[in-house]
Amino acid sequence: MALFDTPQEAFGALRPICIQLTKVQTVENVKELQAQLQTVSDSALQELQEYVLFPLRFTLKTPGPKQERVVQSVVQCVTFVLSATCVKKPALFLELFSELCMCLASPSAPRQLAPLSEELKHSVIQSLLALLHSAYGDVIMSLYQPPNLPHLGFAVSLLLSLAKEEKARQIKLAALKCLRTFILQCDCQEYHRPLDEEDKKQCGDLFASFLPGMSITLSQMITGDMKQGHMVVISALRVFSQAISLVMADEQLAQIPPEKEKKPALEESRISELVVHRGLEWAKGTAAKLSILIKKVVASASVHSHWKVRQELVETVHLLMLTCSQSLVGSVSELLKALVSLVNDERPEIQARSNEVLRSITVQGMVAENRPLTNILSEDLHSLATALPRLMNSQDDQGKISTLNLLLGYLKLLGPKVSVVLNSASHLQRLSKALVQVLELDVRDVKIVEEKRWSSGGLEDLTNHSVHSKYFRFFTDDRILPLLQQICQVLGYYGNIYLLVDHFMELYGESALYRKQAAMVVNEVVAGAAGLEMDGLQEREAVLGTEDLKGVITSVLEEYVDQANWHLITSMESEEAAAELAMKYSGLLAVASEVHSQPLPPLDPKPTVRSMNSNIWQICIQLEGIGCFAQALKRDFRLLLLSALYPVLEKAGDPTLLISQTARGTMAKICLTCGYGSVPELINQNADYLVNGISLHLRHVAHEPHASRVLEAMLRHSDANVLPLVEDVVQDILTKLDQCHSDRASSFLRVMHTLMKMLVSWFKVEHPARKGWEQERGPLLGAAQPQEKLPALQPPTAMEMEEFFQEYVKQKRIAEGDISDSEDEGQEKQVPVGESEAAEDPCEEQSQLPLYAQMAKDVTERCVHLLSAKSLCVRLKVLDVLELCVMVLGAHENVLLPLAHRAWPPLVHRLTNDDPLAVLRAFRVLCTLGANCGDFLRRRFSKDILPKLATSLANQAPVSARAGPIYSHTLAFKLQLAVLQGLGSLCKALDLSENDLNKVANICLPYLSAKQPARLQEAACSVFLHLMQMDPDATWLFLSNIWCPHTYQPPHPSLAPVNLHGMAKKRNEFTDNVQHLLDVLHRGS
């Protein structure tokens, strides 16, 4: 609560200190006055305003140097008085204005800033702001009279210097705020007198003199160092736009008379020379100079890192377009360019505001010399399309993003007028060439060609497949490709789909250099025409009908799957390359189509990595296009499956990883959009057409590899329900295999391998040997459950012991070969009896076989013939197929055993006299046969295989014992490892005799040495673990003779002591593994 409410009381309290301050100008006196002023009410202080200001002004006007502390305290006290009162006299206002400005000027050089402290500078600026806000009524307009032009110019110059040269951000912002107040655009919360048109014109006339200096200085600040802070840039940008809009306002310039009015009072004064006449010539010259500054400001602010600067740029463009669109005709393009580029800004606030401003500009319909907005944008679009390849080659990634955002914004702003603009051949040609050049792929990556599809997975999640990212020649940023896709989609959404597709398909066929890019553009144009993900755009004039879209897609699809564009060389494999070359020059079509493409240039007989890489990407882009077409047509795409599904399945079976992955992704899209529940359902419901196509193409040599791929893909991606549907075509493949097994067997064997693998998967056929090993290794290796007690053994009866010893003697005689001829003949007759029974009624047995088993039987018969093929590659594939056939037929012993009998001689030859790779595969087949045929192969194995196997392992054991770490990468090591890993389960499956088991133990003993590689030791231990299951006593005795850590005392003195060879031995290379095996045996007993 103020103590002095009346002027009389306040005067009595203030008079002594005012007199004291007039006599002695010190900081203490000024502070005492300010403290006393706080006890006076505002109304009383208003009456005593000039009296209180007198000593303060006197202090400022006193000649001679002054202490900064005194000046600062005086200025702060003046600010306090002006904040509490109103200046009602123009003369007082102007005098205070000059006195405060002189506080900032240098005494020796008044046009320059004095070297003052930052605190004093900030105090003076705040005092100026307080003075401008304290002006009462029309008092402030006295500042904008022509006679006061020098004073106003002096203040503007000082404030611009402070804003530009000071380092303190607080002073910069205060100076810019004061400048905004000078141009009557203060945005503070205090009340401001509303300005009429005459006031604005009066202010604009004076500030026209200052506009060049203000605009240059402010533009330098806007484009200056980022370290000054975003708030400084925002404030400078705001003053820049408001100053221009004040001086260059269209409404004001329209009212300016052509000639300058003559005023006698100013005719002879120098001030008249300073006043600018804003005539037509001046406006044109100033606009031309401002366009240079506006271009720099827009270019800098549109890519500023802080989003609020870009947001302020939107408001700047809006203000200038709203007030100065006629006078700044040369800058309209730059302003629109800035606004359009911000339509796709990363900040949603800027996007929304930019769209709002653009819509408000569009509503006007006419801008810049009465030209339609469409004309301006179309010219800018043409210029940008012309410069786009150069910009994409020279700019950095951020610049490229800005350029593409600008192009996208132009198209969005044009909206339905895009179709009108593209009717111009020049616009369409420029834009299309720019897009195909920018989208040029980098095809130097060798990995694309090298990566092959090794796995043959079936029904994996096709929507989550991983595909290589595209690498482009002119950009690397991941954000650029989506922008280019959006541009193409907007073209398709607003443009004439027939014109665009015809034009880009013409480029597609014109040159191989443009083919991939043109296909990418067409894919996105079709997606845009279908309205996929086109939210937030203006409504187009006419929505494209389904029939029209289907017609366009049909024509593009026929071009994509034409043999010249679909069957391209993608690998160096001789068979595939030969087939592809044959396809190029044959007159046969790969799909049911009557459309023939134009002949392509002669092919390079020796394709390079770059050309194959390019072909791979072309096929992938076309596959992506088919998926995009399915998304565009949705269920209506079912009508096009007749010409689309066969080629897609063909590429799903392609050996190149990227092509097969892309094809599987396309199938997933087709399923989702066409209403199929799964890929198997898609294949099964269209199997009749697919099978018919496969059968037709199998009749032509050039099409055989492609037909095989289609069948292979059908099997891999379908389920067991497809089996009856492909029965006939499988028979066709087998017939072809019979006719041409010498030269083209590989592709057919690949199909058979896929068929057998899928049969194993569909009918859940388990590997018996693996299953038995998993079940039986637990008790031997189950040391993790030592607490579990084994069931108590019941003592045998006398009869059981007698039978055991009789059987033991009999088996021992048989093992030693001590058997009579009659017994031998009786045993030999047992096998033919089974065969004769099975042969009594073969038709009945065959009719009882399920379809999958019958297919496996037919394939096995072909494999038996091909086991002796000359080509190693064919033999390896045959062995792989044969292994799967045996697994499928494992449950049908009457069929499997005769086939095993027929396959045995060539299989033995593969095991004993062939390339190591073939031996490795053949042993795997042997293990599978043993697991499924059991003791049927016992004598054959003991007679034909085991001796040579023993010799091979014995000869190789010293080599592996001496070898170094690199030996584990050799084929010999892999063969040893495979034999040892499979030998144990094979012995158990064949139920070998005691004599053969001893041979196996002796074979594997050298591999228990610690000198052997660790994996070979583990594999040898696994063999002994299997032997423990078959004959634990004999195995214990064998191992104890190698190493026995314990001495066994006889239970009675009358019994002879137990002497084992291993008891007297010291620790050696076998000790650790033998000890481990004995421990396992003891735990399992």
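A salt bridge is taken here as a side-chain nitrogen of Lys or Arg within 4 Å of a carboxyl oxygen of Asp or Glu. By this rule, 35 salt bridges are counted. The structure is a predicted model, in which local features need pLDDT of at least 70 and side-chain atom pairs count only at pLDDT 80 or more, whereas totals for chains, interfaces and linings use all residues. Residues are numbered from 1 along each chain as its sequence is written, and side-chain values use heavy atoms, with hydrogens and water left out.

The chain contains 52 helices and two strands; helices (H or I, at least four residues) and strands (E, at least two) are DSSP runs numbered from the N terminus. Of its 1085 residues, 51% count as buried, where buried means under 20% relative accessible area, exposed over 50% and partly exposed in between (1.4 Å probe, protein chains only). The chain exposes about 51,400 Å², and carbon and sulfur atoms supply 53% of this area; accessible areas come from the Shrake-Rupley method with a 1.4 Å probe, and for residues only the protein chains shown count as cover. Contact means heavy atoms within 4.5 Å. Among contacts between residues at least 6 apart in sequence, 77% join residues at least 24 apart.

The buried residues of α15 include A283, T286, L290, L293, I294, V297 and V298. The buried residues of this helix pack against α10 (197–222), α11 (230–247), α12 (250–255), α16 (307–324) and α17 (332–341).

In α10, which has 26 residues, the end C-alpha atoms are only 30 Å apart, short of the 38 Å that a straight helix would reach at 1.5 Å a residue. A bend of about 55° is found in α10 at F210, and a proline, P212, follows within four residues. The bend at a residue is the angle between axes fitted to the seven residues ending there and the seven starting there.

Helix α35 (residues 704–716) has 13 residues and reaches 18 Å from its first C-alpha to its last, close to the expected 18 Å. In this helix, 13 of 13 residues are buried.

Side chains of opposite charge can pair when their charged atoms come close. E704 forms a salt bridge with K736, with the closest N and O atoms 3.2 Å apart. Because E704 lies in helix α35 and K736 in helix α36 (residues 727–739), the pair ties together parts that are 32 residues apart in sequence. Both E704 and K736 are buried.

A salt bridge also joins R862 to D738, the closest N and O atoms being 3.0 Å apart. This pair links distant parts of the chain, R862 being in helix α43 (residues 851–866) and D738 in helix α36, 124 residues apart. R862 is buried, with a relative accessible area of 16%, whereas D738 counts as partly exposed at 39% relative accessibility.

The salt bridge between D914 and R875 has its closest N and O atoms 2.9 Å apart. D914 lies in the loop between α45 (893–912) and α46 (916–933) and R875 in helix α44 (residues 872–888), so the pair ties together parts that are 39 residues apart in sequence. R875 counts as buried at 10% relative accessibility. Elsewhere, R57, K61, E95 and E99 are linked in a network of salt bridges.

T79 lies in helix α5 (residues 68–84) and is buried, with a relative accessible area of 16%. Not counting residues up to four places away in sequence, T79 touches S123, Q126, S127 and A130.

At the surface, M801, F804, F805, Y808 and V809 form a nonpolar patch with about 510 Å² of accessible area together. Patches are made of residues with over 30% relative accessible area and no salt bridge, like charges being joined within 9 Å and nonpolar side chains (Val, Leu, Ile, Met, Phe, Trp, Tyr) within 5 Å. Y808 is found in helix α39 (residues 798–816) and is partly exposed, with a relative accessible area of 38%. K167, in the loop between α8 (149–165) and α9 (169–182), is exposed, with a relative accessible area of 79%. The C-alpha atoms of K167 and E118 are separated by 9.4 Å, the two residues being 49 residues apart along the chain.

Notes: The expected span of a helix is 1.5 Å times one less than its number of residues.
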